[in-house]
Amino acid sequence: MSDQSNNFETKAIRTQIERSQYLEHSNPLFLTSSFVFEDAEDMRASFAEEKERNIYSRFTNPNTSEFVEKICKMEEAEDGYAFATGMAAIFSTFAALLNSGDHIVSVRSVFGSTHTLFTKFLPKWNISTSYFKVNEVDKIKSLINPNTKILYAESPTNPAVDILDLEHLGRIAKKHNLILIIDNCFATPYLQQPIKFGADLVIHSATKLIDGQGRVLGGITVGKADLIREIYLFSRNTGPALSPFNAWILSKSLETLAVRVDRHCENAVKVAEFLENHKKVNLVKYPFLKSHPQYKIAKKQMKLGGTVVAFEIKGGITAGRNFLNAVKLCSLSANLGDTRTIVIHPASTTHSKLSDEDRLETGITDSLVRVSVGLENVNDIINDLKQALESI
Ligand SMILES: Cc1ncc(COP(=O)(O)O)c(C=O)c1O
């Protein structure tokens, strides 16, 4: 890999696998399941891990290695492993590091499938989870038991865009010898690098802003080399690997991450300010609005406020649904971090199966709408939101 600078944008563009004999400028796609060996000794030594060598694309592939190396440089992580989806990254990380009887302490506001993993699947292997609310970080210490192994959080949270103080979590994890894992999906390594604040591992759904164009699924875990080694051994044998094609797309996408995310954030601030001044809106949550409850923490740990704005429409669940029916330009879709602006009403869709109490605990009120602000002209985005609000 060529290594020319420590600046984020240059690392994203100039971290590249070695050129082939064709001297291509743009890196090629290695669409191959396996690799060949010089002779029997080369093959033996490669399987014995005496050489760093591609053997089989379930273990490593040049395209996935390039993607992993880029994210490691961006997150300032020692090593990483890339997965088929963000959920594969989350599940494999827990499965590789935990044993029966272990315990997790997690923020309550986690992505829906992560919550299902904690409450439905990990208990099958006698792994339990205790939750703290976003505004109850002082309670974390009382939840830690002798069998607690992992402290887990997302920041900003999905979908209520709450912020957790990563430095504070880092201190607790260090004091109690816990592995701190941060889902950094909403921020991307461009806006926030949790390892600097004490995280041991950082997870991404690359499906979101890392792809940025709603094309492919992907996930990645990066962090301390000894932990990644465990995750690698688990994954090499169980098969959640990212495909070379998706790795190639995602590595290309990283080349434009900084410029894309800059514009996403510029648009998102304008959308948040517009919503904050609209008479049909009760509340707007955006990390870089002064009215955000954790504004100071967001400013401390994030470069910009991110792409997602959450807001509450006056009029409850019906108003939320009517608003979705009234938008014309914005898409109704479950994804986020796309070039296209996406709106979703969590209470009637992604979080409809939660009890009212559980929903409120994660900050999802009946009229909460999540907007993933895209890269269309911001005036067009605002005009669409405006006409939708005015028609309900
Ligand atoms: C914060 C967060 N983590 C993890 C995931 C899961 O990622 P994937 O859909 O790539 O499995 C998502 C998906 O929306 C997410 O928003």
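By a polar contact I mean a pair of N or O atoms within 3.5 Å; within protein, one must be able to donate a hydrogen and the other to accept it, and residues adjacent in sequence count only if both atoms are side-chain atoms. The model is predicted, so local features need pLDDT of at least 70 and side-chain atom pairs pLDDT 80 or more, while totals for chains, interfaces and linings use all residues. Residues are numbered from 1 along each chain as its sequence is written, and side-chain values use heavy atoms, leaving out hydrogens and water.

Let me turn to lysine 285, which sits in strand β8, residues 281-285; strands (E, at least two residues) and helices (H or I, at least four) are DSSP runs numbered from the N terminus. Because its relative accessibility is 10%, lysine 285 counts as buried, the classes being buried under 20%, exposed over 50% and partly exposed in between, with a 1.4 Å probe and protein chains only. A polar atom of its side chain lies 3.0 Å from the backbone oxygen of alanine 160. Beyond four places in sequence, lysine 285 has contacts (heavy atoms within 4.5 Å) that include Asp162, His292 and Val308.

Now the sheet. Seven strands form an open, mixed sheet in the order β1-β7-β6-β5-β4-β2-β3, where pairing requires at least two DSSP bridges between two strands. Its edge strands are β1 (79-83) and β3 (128-132), each pairing on one side only. Strands β5 (179-183) and β6 (201-205) pair in the parallel sense over 3 bridges, and isoleucine 182 has valine 202 in β6 as its bridge partner.
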